[in-house]
Amino acid sequence: MSISIHLQELSCSHDDVALFQPLTHHFAPCAVYRIAGDNGAGKTTLLRSLAGLFQGTSGTIEWLNTQPSSSAAKLPQAERRANLLYIGHKGGIKLGLTPLENLRWLTEYQIADKPLLDALDRVGLYGYEFVPAAKLSAGQKRRVALARLYVSQHPVWILDEPLTALDKAAVESLTDFFRQEAERGRLVILTTHQSLPIDDLVTVKLEHVPCD
Ligand SMILES: Nc1ncnc2c1ncn2[C@@H]1O[C@H](COP(=O)(O)OP(=O)(O)OP(=O)(O)O)[C@@H](O)[C@H]1O
């Protein structure tokens, strides 16, 4: 499936305080989008809103099936989850489980061990598959979370700070992967405070709401 997300005058609020100026934007497939803004600008809140995890919004968020054969039909909420891989900034890793056990759990036991082990190999965790995550470094824990990308069939990826704690080589490898996956049709929306060397990267900046 090919999916786009359309925002019209979207605003997110905590405690009735709007975080950024209303945002109108079309996120199309085959592209990598970076949500930019200062600390506290509302990037995480926006990503959670797109993923359906935060409800304090006004304006509209529409997920559209943009498959050539379809007429841009709106995707109901229930179908969004099946098409989305959301990785929050905490990564969702359970420290008492090994990387392989974490991946089994995170992929809801739908994937055989071999592709999961291959994914751990892809993120440089060969040899750490059976080590409790509590014994891994911050960057290695992040790699466990990111290994899900290498077994994902979801057309939409929403990733909050995926590059945090990664070393230079891992950032380069992941950036290449994002570029390739966008070329294959995926819609990737992410936040990062690091520079992202992707030529066609689209940056969407959240603007402060001016004070009265
Ligand atoms: N659960 C909450 N209740 C009230 N306010 C919140 C809550 N979560 C976040 N906020 C506030 O909303 C604002 C935006 O937070 P958010 O995490 O979306 O920003 P961010 O742009 O992702 O920041 P950073 O770059 O530091 O990660 C912040 O001022 C934060 O204090």
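Predicted model: local features only at pLDDT ≥ 70, side-chain atom pairs only at ≥ 80, totals over all residues.
Residues are numbered from 1 along each chain as its sequence is written.

Ile189 is also among the residues with the most contacts inside the largest nonpolar core, which has 49 residues. Such a core is a set of buried Ala, Val, Leu, Ile, Met, Phe, Trp, Tyr and Cys residues joined through C-beta atoms within 7 Å; buried means that 20 or more other C-beta atoms lie within 10 Å of a residue's own.

I turn to helix 1, residues 43-50, of which 7 of 8 are buried. Helices are DSSP runs of H or I with at least four residues, strands runs of E with at least two, numbered from the N terminus. The cover over the buried residues of helix 1 includes strand 4 (31-36) and strand 9 (187-191). Those two strands pair in parallel over 5 bridges, where pairing requires at least two DSSP bridges, and Ile35 stands opposite Thr191.

Which element gives the most to the shell around the ligand? Helix 1 does, with 3 residues. Lys43, Thr44 and Thr45 are among the residues surrounding the ligand, each with its C-beta atom, placed from the backbone, within 6 Å of it.

How values were computed:
Buried ≥ 20, exposed ≤ 12 C-beta atoms within 10 Å, placed from the backbone. Contact = placed C-beta atoms within 7 Å.
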